[in-house]
Amino acid sequence: MSRTFPPNLARLMLLCCAALWGGSYLVAKIAMTTMPPQWLMAMRMLAAGVLMLALFHRSILPALRREIVVPGLIVGVTYYGTMILQTTGLRTIDPGRSAFLTAAYCVLTPFAMWLVYRSKPQMVNVLAGIICLIGVGFIALKPGANTLALSQGDVLTLLCSLVFTFNLIALGQYSRQFNPIAVTFVQFGVAGVLFLIGALITEPAPDASWTQPAVVLSFFYLAIGSTTIAQIMQNIGLAHVPATSASIIMCTESLFSVGFSALFWGDRIGWNSIAGFAMIFAAMLMSVMKFRNAKA
């Protein structure tokens, strides 16, 4: 990339990336009214892999050596775990709620780094973790009942954010050792094959209902927009925007998701959810800003 690339354009690309990701929760929810989740994700991952190979084959093919097999399996399996938990949970909860619960990975990452690399988190990370936990409690609060109740979809989505932290750690490690585009390609390929195996074993075969215009458009959005194009814009943006600023911009993914969910899905957001979302978002910003600075 040229050093003269406009920084504001890079920031705009990161914001568009966050918007595409934020919209993916709603679009996946729409698609899953007809398509089972593993078939949807298998087609999404494999289509994204084919597109990446077509666009970046000169970078990917030379990097596909024996040494990348184990790293590729690790990032692929953890990515599969992330996505199967998220999509299964998304079947029973609203898109905006799913986005904010998934975003807890920002808070969990310093603690996962402590577990893997013995790098003790700072006090701000502990405080962010407490604020995030309180935020989840507000989201779980039943209005008028004064009791906490996390649904199965909530629990699966929180588990998704936990698995995602280890996926990010693995990606960060192996992207420094190997071509990051090749690592991403292998990740999509491994996850796509696992989803395909799961779909063939546990879900009904494809049928004509999958050709409905809304389903087809949803699939193209997920495969091309929120996976391939968003990944490209993220890579370009991160090359020209400081990590701290980029992370804050990308945190807006959750806000986009809530907005889209409220506008197009009819998601009704109560006072407790607003309070919980605000606390989780504040915890995300605390963790991202301080954690990134500490790493720098």
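## Salt bridges

Arginine 65 is partly exposed, with a relative accessible area of 45%. In this predicted model, arginine 65 forms a salt bridge with glutamate 67, and the closest N and O atoms of the pair are 3.5 Å apart. Side chains of opposite charge can pair when their charged atoms come close.

A search of the whole structure finds 2 salt bridges. Aspartate 154 and arginine 97 also meet through their side chains in a salt bridge, with an N to O distance of 2.7 Å. Aspartate 154 belongs to helix H7 and arginine 97 to helix H4 (residues 95-102), so this pair ties together parts that are 57 residues apart in sequence. Both aspartate 154 and arginine 97 are buried.

## Nonpolar cores

The largest nonpolar core has 27 residues, and the members that touch the most other members are Met45, Ile68, Val75, Tyr79, Val183, Phe188 and Phe195. Helix H2 (37-63), helix H3 (69-90), helix H7 (152-177) and helix H8 each give two or more residues to this core. The largest share, 8 residues, comes from H8.

Valine 183 shows what such a position looks like in detail. Apart from neighbours within four places in sequence, valine 183 is in contact with Ile68, Val75, Leu171, Tyr174, Ser175 and Phe178. There is also a second, separate core of 17 residues, whose members include Val107, Ala128, Ile139 and Cys251.

Leu46, Val193, Ile197, Leu200 and Ile201 make a nonpolar surface patch of about 470 Å². Helix H8 (residues 180-202) gives the most to this patch, with 4 residues.

Valine 193 is one of the patch residues, and its place is in helix H8. Valine 193 is partly exposed, with a relative accessible area of 43%.

How many disulfides does the structure hold? The number is 0. A disulfide is a covalent bond between the sulfur atoms of two cysteines, and the cut-off used here is 2.5 Å between the sulfur atoms.

The cysteine sulfur closest to that of cysteine 16 is in cysteine 17, 8.8 Å away, which is too far for a bond. From the side of cysteine 17, the closest cysteine sulfur is that of cysteine 16, again at 8.8 Å. The two residues can also be described by their accessibility. Cysteine 16 is partly exposed, with a relative accessible area of 35%, whereas cysteine 17 counts as buried at 0% relative accessibility.

Definitions and conventions
Residues numbered from 1 in each chain as written. Predicted model: local features only at pLDDT ≥ 70, side-chain atom pairs only at ≥ 80, totals over all residues. Heavy atoms only, no water. Buried < 20%, exposed > 50% of the residue type's maximum accessible area, 1.4 Å probe, protein only. Patch = residues over 30% accessible without salt bridge, like charges linked within 9 Å, V, L, I, M, F, W, Y side chains within 5 Å. Areas by Shrake-Rupley, 256 points an atom, 1.4 Å probe, with all protein chains shown as cover. Salt bridge = Lys/Arg side-chain N within 4 Å of Asp/Glu carboxyl O. Core = buried A, V, L, I, M, F, W, Y, C linked by side-chain atoms within 4.5 Å. Contact = heavy atoms within 4.5 Å.
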